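Reader: I would like to go through this model in short questions. Please keep the answers plain.

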Number of protein chains: 2
Amino acid sequence: MIALGSEREKGNRYSVSEIDIAEVQDWAREAGALAKSYFNRVERSRKADRSYVTRADTEIEEMLRTHIAAQYPQHGIMGEEQGIGAIDREFVWSLDPLDGTDAYTSGLAVWGVSIGVLRAGKPYLGVIYLPLLDDCYWADAEGAAFRNDERLAVNPTTTIDSNDWLAIGSYTHRRFMVDFPGKTRSLSCVAADFCYVARGSALGALIPRASLWDIAAGLRILEAAGGVAYGLSGQTLNIGELLDGHKLPEAVIISSPQLNEKIRGCVRVRP
Amino acid sequence: MIALGSEREKGNRYSVSEIDIAEVQDWAREAGALAKSYFNRVERSRKADRSYVTRADTEIEEMLRTHIAAQYPQHGIMGEEQGIGAIDREFVWSLDPLDGTDAYTSGLAVWGVSIGVLRAGKPYLGVIYLPLLDDCYWADAEGAAFRNDERLAVNPTTTIDSNDWLAIGSYTHRRFMVDFPGKTRSLSCVAADFCYVARGSALGALIPRASLWDIAAGLRILEAAGGVAYGLSGQTLNIGELLDGHKLPEAVIISSPQLNEKIRGCVRVRP
């Protein structure tokens, strides 16, 4: 393992962890450029769970795995496309090479690369890159969360206005009744849901039952921006339990600490 | 009026109308560049109806009005920000300088410039430009609809799969029960709803009660891509009635002809 320590500085991208976050950002941008090169030009095919996958998903995961294995050979890696390996290690990378594949193949604009690292089963570091916006969201092992060079914070409001918005899933209308007094939008990209809550744009997000690669990077960024995540029933999340590929036991609400319970109260499971 | 006739050709942008559509596309791109230059850097303020407006909205409408008045001095113009003028003319331009202002100020990626022309109260020509995607959707007075150089057609399917999607509004959860068997997404940009239906990406869209500037360009593009628009109750739209600034009397479903009734059946007004 290459410990770069806290002295390393590269522009605004100051590394305080065992991992060189500036380099991880470069990998995410490289991955995003690859996805962009295939955008509107790629065929999609179905996976066993009937969700879509493209050549971009598989090539990006391969590229990220190659970088990680070369730089951090003792770390474990789990990814959406190629599965789980060495999850007993202290550091485990959790990759969604192209989060929002369906939005991507629909010609929509919000999709991206999500790279999270867990340390001893806890979110340690996160980088999410949204290529068409050229927005890189990131949080190191310590300190604040950022969009590019701009520091992020969840929305400080304690009330919900009719112009405020909640990010929801694209199947929410089939599974939940949502009585949110503002707007709802489904981006079809869980990583982006975390970004828009972390920057204080969305007040919260209803994250459907997710896998670790969907949320690993986002959870660290959310936490560093002052946000919290609870299951719909109010339970805290046990991230370590997801390392074997299991999904979360229930949907999750992410938001500021002061609004989480209020937003949970707006969402009921449809009978 | 400068009639450029059917001989004029400029790349793939062949003009068959009284209006030079290649030039209108250039105006839309110029407007999009202006919007992009303010993106993530602009303050929003509220209009009388509590919706948002930014410096980008007002500057773009001013720019478009200047171009139109110089080139087509005998045409009427109605725009979202500066209102209605000379709507008794044969040609009336209907402008939404920045459709999706709320998405724009939320840092989201789908918003754009919508320029429609009516002739004798009917959709005549439409150009919609989505800057972050660099996608220009357009349809001339005759012929097909295009995204850049690619010809568009509504989705030919007659069945609805769980991976198909319906575009909805960001207040839909408060006003309607939607039993669509696929996905739903709210882009918060009515012009984009028309584009994604016209290209066959979304199967349909539920357009909330709209003003003419929201739908003028989109209706021509939809029609040229083989799509149709009906009120939720099944009524045909009377576009001429909207020239005085009135909103549509009810929400509208846009889709292919074969799915419109089926989609209308998925949407009920909430009690």
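**Strands, domains and contacts**

Author: The model is predicted. One pair to begin with is A:Ile128, which stands opposite A:Tyr137 in β8(A).

Reader: In what sense do β7(A) and β8(A) pair, and over how many bridges?

Author: Strand β8 of chain A covers residues 135-139. The pairing of β7(A) with β8(A) is antiparallel, over 5 bridges.

Reader: Which residue takes a positive phi in the hairpin of β7(A) and β8(A)?

Author: This hairpin has 4 residues between the strands. A positive phi near 50° is taken there by A:Asp134.

Reader: Which residue in the turn between β6(A) and β7(A) has a positive phi?

Author: β6(A), residues 112-119, pairs with β7(A) in the antiparallel sense over 7 bridges. Within that pairing, A:Val117 has A:Leu125 of β7(A) as its bridge partner. The two strands form a hairpin with 2 residues between them, and the turn residue with a positive phi, about 50°, is A:Ala120.

Reader: What is the bridge partner of A:Ala139 in β9(A)?

Author: β8(A) and β9(A) run antiparallel and are joined by 3 bridges. In β9(A), A:Ala139 is partnered by A:Ala145.

Reader: Which are the edge strands of the open sheet?

Author: The sheet has 8 strands with mixed pairing, in the order β4-β3-β5-β6-β7-β8-β9-β10 of chain A. An edge strand here pairs on one side only. The two are β4 (83-85) and β10 (150-151) of chain A.

Reader: At what angle to β5(A) does helix α2 of chain A run?

Author: Helix α2 of chain A spans residues 55-71. The helix lies across β3, β5 and β6 of chain A. To β5(A) the angle is about 155°.

Reader: How many residues of β7(A) are buried?

Author: A residue counts as buried if 20 or more other C-beta atoms lie within 10 Å of its own. β7(A), residues 122-130, is mostly covered on that count. The number of buried residues is 8 of 9.

Reader: What gives the largest share of the side of domain 1 of chain A that touches domain 2 of chain A?

Author: Chain A is divided into domain 1 (21-151) and domain 2 (165-269), and their centres, taken over C-alpha atoms, are 19 Å apart. The contact takes 36 residues from domain 1 of chain A and 26 residues from domain 2 of chain A. On the domain 1 side, 21 residues are nonpolar, 9 polar and 6 charged. The largest share, 8 residues, comes from β7(A).

Reader: Are α5(A) and α6(A) roughly parallel or roughly antiparallel?

Author: Helices α5 (residues 190-198) and α6 (residues 212-224) of chain A pack with axes 8 Å apart, at an angle of about 5°. Angles under 35 degrees count as roughly parallel, so α5(A) and α6(A) are roughly parallel.

Reader: How do the residues of the contact of α5(A) with α6(A) divide by class?

Author: Among the residues making the contact are A:Phe194 and A:Cys195 of α5(A) and A:Asp214 and A:Ile221 of α6(A). By class, the contact has 10 nonpolar, 1 polar and 1 charged.

Reader: Which strand gives the most to the side of chain A that touches chain B?

Author: The contact takes 22 residues from chain A and 22 residues from chain B. The chain A side divides into 9 nonpolar, 9 polar and 4 charged. With 3 residues, the strand that gives the most to that side is β13 (residues 183-185) of chain A.

Notes: Residues numbered from 1 in each chain as written. Chains lettered and ligands numbered in written order. Predicted model: local features only at pLDDT ≥ 70, side-chain atom pairs only at ≥ 80, totals over all residues. Axes fitted to C-alpha atoms, helices over the stretch in contact; angles between N-to-C directions. Parallel < 35°, antiparallel > 145°, perpendicular 65-115°, else oblique. Contact = placed C-beta atoms within 7 Å. Nonpolar A, V, L, I, M, F, W, Y, C, P; charged D, E, K, R; others polar. Buried ≥ 20, exposed ≤ 12 C-beta atoms within 10 Å, placed from the backbone. Pairing = 2+ DSSP bridges. Domains from an automatic or database assignment.
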